[in-house]
Amino acid sequence: MAENRNPLLKQAFEEAARREIDILTKEGSIIDYHNNRAEALFTSSEPDKSRKHFKRTVTFIVAAVITMAFLAVGSFGIAERLGKDYIFSSAWRDSMKDNIVNTSNGMNAEEFDAELERSTDPFVAAGRESGSVNRFLLDYTQSIEYNSVIDEDEGYRFELTSITKARQKRRHKTGGNISDGTAIYEWQVSDGYYAIVEVSRVDGNKLTQEERSTHINLQWNYILAGYSPSLTNLHFKGGAIYSYSDDYRIYFAVEITEMMPFAKTDFALIAIGSDWDRDSRDMNKDTLYADADGNLALVNEDEYLGVLLRFKAPDKYASDDERYGEKYFGVSSNQLTDWERSYQKNKAE
């Protein structure tokens, strides 16, 4: 199909659809940090500083969505019947909302909900408080622990403490098409993996109320050594981010489930401080530098709050398929490496 020949457009369509589906799921209420902003962009006509942050990204996504919708459904003649005005229209939203509301429970979904209600895990409590639909239960007995993955910037200390296995309940599409509003969903319980990151003040003092309530307005980015940052970030960014805080630390659980089959290469989580008065800082050559081996480092860090946590998961989690990356991202081996040269030319002085 046409969308398989253009993975960036396919991913853009899926990302925009995911955001819109999240909005439809809990319309009118708080969902989470990212989806609140997406909801404002799609539904509000009032100017707001926070809307500037994702303006460039959402403009790209919406444009790509319209293009992708025609690529995805054109071969079935649906494009001619629906037209571009149908995608994300009121009729599309009404159809999708009905299907989402009628999501059926798959195997073990009800038992999992009962476990969640009994759980006192602070991440679960944070999920309940935020109204998040997708929930997860960490299994701390199955953790890969770290004690030296640390980075500091602008008075904050970031430390990766573990990769922890989890069970999570997610809505999965089991039939129909998102593009024409006929998608059918089911709740399914599956395994996932989360990077647990603790953030504290370098001076050891308590966090202020503002720091605790905003969680320092961080934007999380997902990087694989040797792979294009824009490609990995676009594909992995759909994962969940949960957080809670106490007097001295903010705790983040950042989903990295889909990164785990790449365990034979180094991972990196990049946290960038969000600035509501400008567009988001993209993971491009203005932010990152690549050495001759494709390893990445932040550049011009004095311009923003930015930390890079580089780590490695055990090889046993890696896919046995040597061409897994090409198949996952939908690109050729040459396309996976063509990006490196432009990043190498942009190192800060």
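Me: Is Tyr324 buried, partly exposed or exposed?
Reply: Tyr324 is partly exposed, with a relative accessible area of 23%. This value comes from a predicted model.

Me: How many aromatic pairs turn up in the whole structure?
Reply: The search of the whole structure finds 20 aromatic pairs. Among them is Tyr193 with Tyr317: the ring centres are 5.4 Å apart and the planes meet at 75 degrees, so this pair is edge-to-face.

Me: Where in the chain do Tyr193 and Tyr317 sit?
Reply: Tyr193 belongs to strand S4 (residues 184-201), while Tyr317 is in the loop between strand S11 (306-311) and helix H11 (324-329). The two are 124 residues apart, and the pair thus links distant parts of the chain.

Me: And Tyr193, buried or exposed?
Reply: Tyr193 is buried, at a relative accessible area of 15%.

Me: Why does Phe262 count as buried?
Reply: Phe262 counts as buried because its relative accessible area is 5%, and the cut-off for buried is under 20%.

Me: New topic. Which residues form an aromatic cluster?
Reply: One cluster is formed by Phe123, Phe136, Tyr194, Tyr242, Tyr244 and Tyr251.

Me: Which residue lies over the face of Trp187?
Reply: Lys169 does, at 4.4 Å from the ring centre.

Definitions and conventions: Residues are numbered from 1 along each chain as its sequence is written. This is a predicted model: local features need pLDDT of at least 70, side-chain atom pairs count only at pLDDT 80 or more; totals for chains, interfaces and linings use all residues. Side-chain values use heavy atoms; hydrogens and water are left out. Rings of Phe, Tyr and Trp (its six-membered ring) pair if their centres lie within 6.5 Å; planes under 30 degrees apart count as stacked, over 60 as edge-to-face and the rest as tilted. Helices (H or I, at least four residues) and strands (E, at least two) are DSSP runs, numbered from the N terminus. Buried means under 20% relative accessible area, exposed over 50%, partly exposed in between (1.4 Å probe, protein chains only). A charge sits over a ring if NZ of Lys or CZ of Arg is within 6 Å of the ring centre and within 35 degrees of the ring normal.
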